[in-house]
Every structure is written in C-alpha cells, then in structure tokens.
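Subject: A structure for you to look at

Hello,

Here is the structure I promised to pass on. Please open it beside this email, and then read on for what turned up.

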Amino acid sequence: MSSVAFYTLGCKVNFYDTEAIWQLFKNEGYEQVDFEGPADVYLINTCTVTNTGDKKSRQMIRRAVRRNPEAIVAVTGCYAQTSPGEILDIPGVDLVIGNQDRDQIMTHVKNIQATRQPVNAVRNIMKTREFEEMDVPGFADRTRAFMKIQDGCNNFCTFCIIPWSRGLSRSRDPKSIITQAKQLVAAGYKEFVLTGIHTGGYGDDLENYRLSDLLWELDQVEGLERVRISSIEASQIDEKLLEVLNRSTKMCRHLHIPLQAGHNEVLKAMHRKYTTEEYYAKIGLIRQAMPDVGITTDVIVGFPGETDEMFRAGYDFMKAVGFSEMHVFPYSKRTGTPAARMDHQIDEEIKNDRVQQLIDLSEEMQLTYARTFVGQTVSVIAERSAKGAPGRAVQHGFSDNYLQILFNGDDSLQGELCQIKITEAGVNECRGELVGISHDSLQTSAG
C-alpha cells in the first residue's frame, strides 16, 4: 500500500483543506503515515500570512525531502499560491499547486511518478469565481467538525497578503453545506465550526442568500447540537444575524470578532471598515441579542504610525469592551503589502512591551468573564483527556461560550455533550463537575 504524509501550517481553513486532500489519497488506496517517518508522498499545506509562515513552510518542505529523497514532495496552500517559483527552486520539490485545482492532485502525482518531471500547477486565483468543492466526511482526531463555507477575501487590509493567495470572496453552495452537515451528524458530530477566510462575507456573491439564511437552515438539521462561527467582522453582523443569535438554540454563545486596533486613525491606516464607535455599538447589540456571550478578538500591536497615545487609547477601549479573550500579535512587515512600505515603523522593543501589556489585560478580562459562570451549568463537549491527569480520569472540553473546562470523567465521554457545573474559574482553564450527559440532561440541569 502506498503512503502519504501531511504537514499543515496556518489556519483552520488550511486544516480543512488538508482533510479534503487526504480523502483524495484515501480514495486511491493510500494509507496516511506520520510526517516524521518514511512516506511515498509528502504533502505540505503552506501558510504565507507572515514572512515567518514562508520560512516555516520552506523548512518543512526541506525536511520532507530529507526524510525520503525518492518520495514525491507536493506543496499546496497560500505560500504555494503566491510564490511557486521560490518553492520549485528547492531541490526535491515535485509538485506546486495553489489554492485551487486540488481535485487534480492525484492526476499530477501519477504523472510525476511516471516521468519524475516537476510540475508547476499554480494558476492566477484572482480570476477564480467558483468555490472549490472538496468532500470531507470526517476529521481525524477531532470531536468538532470544521465546515468550510467560504474562501477568499475582498477587504484588502493594508497589512494582509491573503487576498492575493486566496483570491476574491467565494461562497459554497448552501445545498452542499447542508448535505455535508447531515453526513457529519450521521457520523456522530454534535458541533460544527463554520470556517472561511472571511466567513461573514458568506452569501455576498449569492443571490438573496446570506449567512443568516444558512444558519437558519443549519438550525433545522436534526441531531446537530451546536453551531459556532469561527470568525466574523463586526460590520457584517446585521439585524437578520442578530435575530439568529437571539432565537436559535443551536448558536454557540461565542463570537470571534477581530478588532485589530483600538484607535480610529490606526483602523483607517489598516483599511478596516469600521470605527471604534461602530464596533462598540455592534458589541452592545450582540449582547442584547445573546446575553452572556463570550466575545474574543484579534489585535495587532505596533502598526506603523501607532503612537503611545493611540496605543493607550486602544488599551482603554479594549478594556471598556470587556473581551473574554484577546489574541495579541506584534505587527510584522509582510512583503508585498502597503503597510510594509509605510513610514513610521515601530521599534521591536516598543512592540513587545505593548504586546505584553495587552496580554496582561487579556488575562485579566478572561478571569473576570470566567468568574461570572462559577456556580452555573454549561454544556461542554469532551474533547480529550487532560494532559498529565492520572489514569485519563480528567476530561477537557469547550463550553458553548468557549470556556476551556476540566472535569472528572473517563474517555467514554469524548464527543458527548456533557452538562458541567463550573466550580472554579481560571485564566485559561476552569474546573467543573459533571452533572449530566446529552439531551435529557440539557432539559433538566440548567441553572
């Protein structure tokens, strides 16, 4: 039996794409093996969101070549899409294919096995208008199902290279999504995480169909317990979406809404499509529609031109919003973006100091949010036994509002919807007690 090994860098969308590509190999009779061991084919799904992503991608490509110089080394993903020439210059690379035409991978692999001639299969993705359909009937080692519903982005933020690697926004056919949803429920998945490059833009290229329409259709899928949106822009949360958040019992009380900066001048320089006032007002509407919602965010620190006063104003703004967690990143120049050419780049030492201040603020807000749930019962899907716990007797999972919770129980609970009473709040993890499992407990253990 031929073997294939995968290495995936970057975001949830990349991990979804790798699962889809694995299905292509599986259908041809391949077995999947560990990337660190020998394989007949290595496939590296790359990331290019930062220059570091490019560097790590090249490292993994070279590692695959060293593992088995006779193997076919195939490279896909965002770095492959933007820089196929750089990748083909690495000795031992056989195939470079971007973020489209992945259904042709097996044809390319067979041809390369016969000819041993390297292939550059990358096309201009900016001309692509159709969503690339790839079947994923299940996920290895995951209790939550990731569903890709959208690809590409039309925003062209000044710090971001991704529109050039993913193309313009494209929505998946809702019928295809619902069909996959029913398959995944039949396979035992209880929670779907809707993913995309610009998930909130779902439906912009469809006629009279928006993300809120899709959410209502998913709400009707029998057996599905929870729907989570991986990320959504504040500007894309409209009245119809607020209605879904308010009325659907399947929508998770958690939204990840990137802020990126807490000062209007910085937001404008980033080419973000909102002001801090608009963002704050939208958060208020969300909290009215969905009380106790956990709101997480991304923040870029040290964007060109960010003064101490701007940073301090942003810090105060974030504190006023009261996020349940912030993902804080220092700005790093991305070659090829407008921001990389801007004046007034910020010293690395200043960036690092600001990053640490926001991490400290995030931890403070995480603990404040978590403490409000002590004594309450929340639904948790057990994902794995906790690291370091004796006898695999402690389980780890996420609540619907994205608290990480540890509770006593064995591995038979994994994948089950458990009712957990929170007994202790923590910055990154809370502790709780199991009080019920699945549907019956949902109806009886609240409060």
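A residue counts as buried when its relative accessible area is under 20%. Please keep in mind that this is a predicted model.

With that cut-off, F6 is buried, because its relative accessible area is 11%. W22 is buried too, with a value of 13%. These two residues form an aromatic pair with an edge-to-face arrangement: the centres are 6.3 Å apart and the planes stand at 75 degrees to each other. F6 belongs to strand β1 (residues 3–8) and W22 to helix α1 (residues 12–27), so the pair ties together parts that are 16 residues apart in sequence.

How many aromatic pairs are there in the whole structure? The search finds 16. Elsewhere in the chain, ring pairs join Y274, Y279, Y280, F317 and F323 into a cluster. There is also a charge over a ring: R312 lies over the face of Y315, 4.7 Å from the ring centre.

Now to a pair of helices. Two packed helices are described by the angle between their axes and the distance between the axes. For helix α9 (residues 239–247) and helix α11 (residues 276–289), the axes come within 8 Å and cross at roughly 35 degrees. On the α9 side, the contact is made by L242, L245 and N246, and α11 contributes L285, I286 and A289. Of the residues in this contact, five are nonpolar, one is polar and none is charged.

Enjoy exploring it!

Best wishes

How values were computed: Residues numbered from 1 in each chain as written. Predicted model: local features only at pLDDT ≥ 70, side-chain atom pairs only at ≥ 80, totals over all residues. Heavy atoms only, no water. Axes fitted to C-alpha atoms, helices over the stretch in contact; angles between N-to-C directions. Helix = DSSP H or I, 4+ residues; strand = E, 2+ residues; numbered from the N terminus. Contact = heavy atoms within 4.5 Å. Nonpolar A, V, L, I, M, F, W, Y, C, P; charged D, E, K, R; others polar. Phe/Tyr/Trp six-rings, centres within 6.5 Å; stacked < 30°, edge-to-face > 60°. Buried < 20%, exposed > 50% of the residue type's maximum accessible area, 1.4 Å probe, protein only. Lys NZ or Arg CZ within 6 Å of the ring centre and 35° of its normal.
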